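Thank you all for coming; I would like to walk you slowly through one structure this morning. Please have a look at it first, and then we will go through it part by part.

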Amino acid sequence: MIHSFCRTLLFLLTSLLLLAFGAVAQTTAAHLNFAQFAQSPGGSFDAPPAQLELPPTLVWQSVSMPHVSHWQGTAVHTVTTAWYRFDLSPAQRAQWDMRSAQQIHFYLVRWRGVAQIAVYGDSGLLFNSRGSEVWNGFNHPLWLALAPTQGATVPQSITIRLSHASTGGAVSSAWVGPADEIMWRWRLRSWLQTDVPYFTSYAFLGLGFFAAFVWVVRRREPVYAYFAASAMMYWVRCLHYHWGEYPIAIDENWFGWATLMSVGWLVVLGHHMAYPLHRQRIAPWVVQAGTGMMVIASLIMLPPLQAYVPAHLSVSVAYLFIILSGICVVSVTLAAAWRGQSRHAKWLSVSSAGQVILGMHDLALMNWRINIEMPFLLPYGMIGLFLIYLAVAWQRYVQALQESENAQAALATRLQAREQELALSYEKLSAIERQRTLHEERQRLMQDMHDGLGSSLVSALRMVEHGQMNDDDVTQVLKECIDDLKLTIDSLEPVDTDVLLLLAAFRFRIAPRLEKAGLKLQWDAQAVPPLAWLSPRHSLHILRIVQEVFTNIIKHASAQRITLSTEHDATHVRIHIRDNGKQAVSLENTSAGRGVANVRRRAHAIGAQVQWQAVPAGMCFTLLLPIQAS
Amino acid sequence: MSTSVLTESNSPVVIRVALVEDDPNFRDTLQCALSGVADMALVATASTRADGLNLLKQSAAHVLICDLGLPDGSGIDVIAAAQNAWPNCAIMVATMFGDEAHVVKSIEAGAAGYLLKDSTSSDLIDEIRSLHAGGSPISPFVARQVLRRFRRRDGVEQTQLLEREPVPNAAPIFVPTSALHSPLSVREHQTLDYITKGFTMDEIAHLQGVSPHTVKNFVRRIYAKLEVNSKTEAIFEARQRGLLM
């Protein structure tokens with residue numbers, strides 16, 4: 001990202017330069033490197049007169065431009081006036097005669113100082129700076145039409161009046177010529193000196209707001225707050241470079257304080273931001289001490305306290321202080337970065353070192369130690385620093401996206417694996433369950449065949465073998481076997497919790513036998529609640545119990561009538577089978593006794609209870625079934 | 001139809017019985033039982049499905065007894081074919097256990113009753129005679145299954161009803177939905193219900209104040225409705241699928 005930005009910038013500059021060379025090829029413009037210079041003590045920051053009024057005692061001397069005018073005063077608040085005169089040669093002016101005079105422009109690269117400026121063409125006023133002597137638009141290059149009005153001619157000389165305070169003042173070299181030849185110079189310089197700080201400060205301010213909103217929801221990461229604060233400070237600082245000569249909304253001294261302190265705070269905030277990158281290779285107290293010092297400096301420099309200190313002195317001292325603390329910070333971070341592995345930490349510390357160098361350059365520029373035509377470089381350095389932070393943020397963002405994607409993919413894979421496992425184990429379980437059900441069913445039928453059909457057939461076989469059975473007996477045994485088999489088949493029919501249906505099926509089967517035995521069956525079945533636990537296994541047990549009871553009555557009770565009735569309460573269903581036969585006989589008889597034991601066993605197996613009760617004229621058998629499975 | 005059958009049964013006309021059965025023992029048993037009575041005669045027998053279908057080309061019998069498990073296919077096919085070929089013939093399925101699955105399937109194909117193979121000769125004769133007289137036997141399990149079939153049909157018809165436009169100004173009639181939409185009459189429904197609770201035909205007749213024979217006639221009608229019902233359901237299902245496709 002940084003590379004592509006640099007390439008774009010380079011391309012832009014190269015194109016501008018090529019354009020410039022194209023213009024230079026047939027130039028009639030003049031670079032004014034020399035001027036006539038004179039000084040007069042005294043003067044004021046008041047508005048200049050419309051006609052040039054030169055003091056009578058001026059001593060002119062030729063100087064090369066740019067040139068610094070030093071203060072000649074004696075009292076602190078007095079003003080010194082410097083005069084610069086550019087004489088335009090007749091030859092040059094003759095060249096321009098072919099063009100319209102309105103085309104000819106004067107471009108002053110820079111003037112600076114706690115000062116006011118007035119520009120005269122011959123003796124008429126062309127321009128005078130506005131604003132105060134401090135905020136006078138010093139960073140804006142000057143672009144003036146030399147003959148702006150109809151019929152006006154290009155002046156023979158241009159005179160500049162610079163009224164400056166004790167800090168001194170300076171005027172750069174100038175260009176004069178047709179607009180199409182020299183305008184690009186003015187445009188390029190304006191772009192570099194004022195426009196770039198202007199739009200970058202707003203761009204970073206936008207990013208700063210974004211970072212602030214991020215910080216609101218992620219308080220654990222103060223780096224976003226530091227970035228937001230830095231963007232704010234940078235924006236304040238850049239007002240210094242692009243504001244121009246228009247009046248400032250707040251008090252000038254406070255504005256000055258804010259733009260000055262913002263540089264120091266940028267250093268401190270940069271240190272805070274860089275701190276986590278160095279991963280504890282810098283002692284926390286270093287950062288804390290830097291912050292503390294900056295707080296103290298900010299307090300000392302508060303405008304109300306400045307009435308007691310000469311302005312230029314305090315400003316210079318402040319810048320010096322900032323640079324010194326910057327040097328300390330940079331040396332610490334550089335050392336830490338080189339000990340550590342972080343690429344970002346290295347970039348950042350190198351960039352910080354660059355900032356300090358640029359800061360020193362700007363301080364030298366302020367104090368006339370460098371050609372005043374040089375632009376202030378700190379804003380550009382700050383751009384680099386911001387870009388590094390953006391690169392870090394960009395990398396973090398992309399990395400986070402990547403990680404989240406990877407995490408999702410991993411999660412999906414794990415989920416899929418788990419699903420497969422579950423499906424597999426479910427399959428296994430259901431296979432086991434199926435196996436178990438089949439096994440149980442087989443067990444049940446085996447048991448039934450063994451106890452009922454099998455043993456009946458075997459005993460019948462033995463008796464036939466020993467000739468103990470006549471044909472009727474054999475028929476009887478076989479009929480009983482078939483009845484048994486039918487009950488087994490019936491137990492396989494799903495009865496869906498309806499025990500009455502089961503009893504109905506039993507009656508349907510037993511009816512012919514009862515009829516044959518001459519027994520009347522009275523059916524008093526009442527609707528009973530559904531029994532949710534009624535499985536084929538339970539059904540068979542119930543059928544066999546009822547069968548056993550009926551068989552006992554048919555065989556041993558000598559009864560004429562059987563009554564089957566059902567009833568229920570909240571917890572149980574009761575099935576009563578009552579006969580009007582001989583009492584007690586059923587329990588004493590050996591085969592019946594075995595039958596009773598069978599009934600008890602089966603009842604126990606399905607969680608039911610049985611009881612026999614002697615009633616007037618007969619017996620009453622009761623099967624007690626729980627409504628809820630126990 | 002039942003009137004004409006009744007006249008026939010009272011007249012000296014012989015009940016012509018046809019049998020499709022591969023078990024020679026049962027053939028013998030039946031032959032033996034029928035030869036013992038004057039009003040019945042076994043007029044045709046077949047032991048395979050193919051023979052059974054051929055048998056239907058002859059003149060119609062009054063009663064056809066058909067086994068399901070034939071060596072070359074299912075007796076259900078013979079029952080269905082007989083329903084078309086001999087529309088006035090009463091069809092019985094011969095079964096070992098009278099289990100619900102076999103019986104209901106046969107009734108849906110057009111059978112009017114079933115014959116338990118282990119019945120005594122006199123029971124066999126009684127059952128055939130009862131069937132020929134327009135009655136049908138039923139067991140609790142078969143009754144329960146028949147009830148369930150009609151209830152399922154009800155569900156389908158009710159959803160269809162909901163799609164229709166409501167009739168404006170229609171006086172509200174409080175009739176149980178089952179009675180309104182089920183093709184079973186209230187009486188028939190009640191009969192089936194009693195059977196599932198274990199009551200015999202005689203007891204139900206007494207409870208309903210009709211003759212036992214009338215109850216058996218109810219059952220015959222129920223079987224006829226079940227047959228129609230199963231065919232409607234098949235058509236309905238086919239239409240459903242057609243709509244879905």
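Let me begin with a definition: buried area is the accessible area, found with a 1.4 Å probe, that two parts lose on being put together, summed over both. What you see is a predicted model, in which local features need pLDDT of at least 70 and side-chain atom pairs count only at pLDDT 80 or more, while totals for chains, interfaces and linings use all residues. Residues are numbered from 1 along each chain as its sequence is written, chains are lettered from A and ligands numbered from 1 in the order in which they are written, and side-chain values use heavy atoms, with hydrogens and water left out.

Between chain A and chain B, the buried area is about 1,800 Å², and carbon and sulfur atoms give 61% of this. On the side of chain A, E493(A), L501(A) and F508(A) lose the most area to chain B, together 28% of what that side buries. Contact, meaning heavy atoms within 4.5 Å, takes in 20 residues from chain A and 21 residues from chain B.

How many salt bridges does the rule find across this interface? There are two, where a salt bridge is a side-chain nitrogen of Lys or Arg within 4 Å of a carboxyl oxygen of Asp or Glu. One salt bridge joins K486(A) to D118(B), with the closest N and O atoms 2.6 Å apart. The elements of chain A that give two or more residues to the side touching chain B are α11 (471–492), α12 (499–517) and β12, and of these α12(A) gives the most, with seven residues. Here helices (H or I, at least four residues) and strands (E, at least two) are DSSP runs, numbered from the N terminus.

The strand β12 brings us to a sheet in chain A, an open one of five strands in the order β12-β13-β14-β16-β15, with mixed pairing; two strands pair if DSSP finds at least two bridges between them. Its edge strands, each pairing on one side only, are β12 (520–524) and β15 (609–615) of chain A. Seven bridges join β15(A) to β16 (residues 618–626) of chain A, and these two strands run antiparallel; in this pairing, Q609(A) stands opposite L624(A). Helix α13 (residues 536–557) of chain A packs on the sheet, touching β12, β13 (561–568), β14 (572–579) and β16 of chain A.

Key: Axes are lines fitted to C-alpha atoms, for helices over the stretch in contact, and angles run from 0 to 180 degrees between N-to-C directions.
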